[in-house]
Amino acid sequence: MWLGDFDFISLLGIFIQSLFIQNILLFYFLGMCSYLACSSKLKTANGLGIAVFVVITCSGTINWFVQKFITGKDALSWLPIRPIVQLDYLQLILFIAIIAAFVQILEVILEHIFPPLYRALGVYLPLITVNCAILGASLFSSVRDYPLIPCIVFCLGTGLGWYLAIILIASIREKLTYSNIPKGLDGMGITFITTGLIALAFMAFAGINLIK
């Protein structure tokens with residue numbers, strides 16, 4: 001249940017696959033809203049990337065337990081009396097509730113410990129709750145039926161992949177502010193083009209499958 005048939009090489013394959021080959025943002029294009037809105041400055045992108053990484057890892061791990069012991073097939077078999085109903089229809093709601101709880105905790109921590117970052121993120125910090133990359137990581141892990149440790153490794157790679165993507169685009173956008181960009185492409189236009197070029201670079205790994 002904790003490791004399954006996965007060994008160290010398989011876990012490493014899951015991590016690399018989720019980080020580079022099937023990057024949650026540059027391969028599936030999930031979590032684009034906050035990615036585009038908070039990537040104009042490297043400092044802000046770094047703070048948001050770390051926040052999303054923490055939420056993906058923690059919520060993905062807890063959601064594994066939810067799926068395993070509450071909403072999955074025969075998940076309630078641990079009860080003394082075998083229930084006559086399945087709670088799989090509650091899975092999406094519970095996943096979102098756990099993500100929202102973690103975002104609220106993170107918001108309180110940033111407000112009291114890192115006020116400048118809290119003010120810089122502004123409205124986009126609570127909007128992490130509806131960041132589809134976070135929910136996508138939990139759903140992908142659930143659909144692929146990973147044991148606990150592979151699930152944690154997958155969430156770590158996914159969160160780090162989203163962080164890597166926003167850091168890359170923020171670094172480029174800071175340089176673009178000093179560049180002579182055609183007026184029609186200035187702003188979101190050049191950002192979309194740059195994102196597409198980065199995604200094409202990552203797509204070079206698309207034919208590689210390291211997951212056992």
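**Entry 1. Helix H1**

I began with the length of helix H1. At 1.5 Å a residue, its 14 residues should span 20 Å, and the end C-alpha atoms lie 18 Å apart, so the two figures agree. I note here that I am working from a predicted model.

Next I asked which residues of H1 are buried. I found Ser10, Leu11, Gly13, Ile14, Gln17, Ser18, Leu19 and Ile21. What do they pack against? The buried residues of H1 pack against H7 and against helix H8, which covers 188–202.

**Entry 2. The largest nonpolar core**

I turned to the largest nonpolar core. It has 47 residues. I looked up which members touch the most other members, and got Leu25, Tyr35, Leu48, Ile128, Trp162 and Ile166. In soluble globular proteins, nonpolar side chains tend to be buried together.

H7 gives the most, with eleven residues.

I then picked out Ile166 and listed its contacts, leaving aside residues up to four places away in sequence. Ile166 touches Ser34, Tyr35, Cys38, Ser39, Ala45, Leu48 and Gly49. Two of these contacts, Tyr35 and Leu48, I had already noted among the core members that touch the most others.

**Entry 3. Two cavities**

How many cavities of 30 Å³ or more does the structure hold? I found two.

I took the largest cavity first. About 50 Å³ of space lies in it. Ten residues line this cavity, and the closest to its centre are Ser18, Gln22, Tyr28, Arg144 and Phe154. Ser18 was already on my list of buried H1 residues. Helix H1 (8–21) and helix H7 (148–176) each supply at least two residues of the lining. By class, I count five nonpolar, four polar and one charged.

The second largest cavity also holds about 50 Å³ of space. I wrote down its lining: Gly60, Asn63, Trp64, Gln67, Ser138, Ser141, Ser142 and Cys151. Two elements give two or more residues to it, helix H3 (42–71) and helix H6 (132–143). H3 has the largest share, four residues.

**Entry 4. The largest pocket**

I moved on to pockets. About 190 Å³ of space lies in the largest pocket. Which residues line it? I listed Lys43, Gly47, Ile50, Ala51, Val54, Leu106, Ile109, Leu110, Phe114, Pro116 and Leu117. H3, H4 and helix H5 (115–121) each give two or more residues to this lining. H3 gives the most, with five residues. I sorted the lining by class: nine nonpolar, one polar and one charged.

**Entry 5. The second largest pocket**

The second largest pocket has about 160 Å³ of space. Its lining reads Ser40, Arg173, Leu176, Thr177, Ser179, Ile181, Asp186, Gly187, Ile190 and Thr191. H7 and H8 each supply at least two of the lining residues. Three residues of this lining are nonpolar, five are polar and two are charged.

**Entry 6. Two single residues**

Thr61 came up first. I placed Thr61 in helix H3. Is Thr61 buried or exposed? Its relative accessible area is 17%, and buried means under 20%, so I logged Thr61 as buried. Not counting residues up to four places away in sequence, Thr61 touches Leu148 and Ile152.

Phe192 was the other check. I found Phe192 in helix H8. At 46% relative accessibility, Phe192 counts as partly exposed, because that class runs between the 20% and 50% cut-offs. Where does Phe192 lie relative to Val52? The two are 140 residues apart in sequence, and I read 21 Å between them in space, C-alpha to C-alpha.

Technical notes. Residues are numbered from 1 along each chain as its sequence is written. This is a predicted model: local features need pLDDT of at least 70, side-chain atom pairs count only at pLDDT 80 or more; totals for chains, interfaces and linings use all residues. Side-chain values use heavy atoms; hydrogens and water are left out. On a 1 Å grid over the protein atoms alone, a cavity is a set of points where a 1.4 Å probe fits but cannot get out, and a pocket is an open set with protein on both sides within 12 Å along at least five of seven lines; lining residues have an atom within 4 Å of a point. Grid points are joined across faces, edges and corners, and a volume is the space filled by probe spheres set on the points. Ala, Val, Leu, Ile, Met, Phe, Trp, Tyr, Cys and Pro count as nonpolar, Asp, Glu, Lys and Arg as charged, and the others, Gly among them, as polar. The expected span of a helix is 1.5 Å times one less than its number of residues. Buried means under 20% relative accessible area, exposed over 50%, partly exposed in between (1.4 Å probe, protein chains only). Contact means heavy atoms within 4.5 Å. A nonpolar core is a set of buried Ala, Val, Leu, Ile, Met, Phe, Trp, Tyr and Cys residues joined through side-chain atoms within 4.5 Å.
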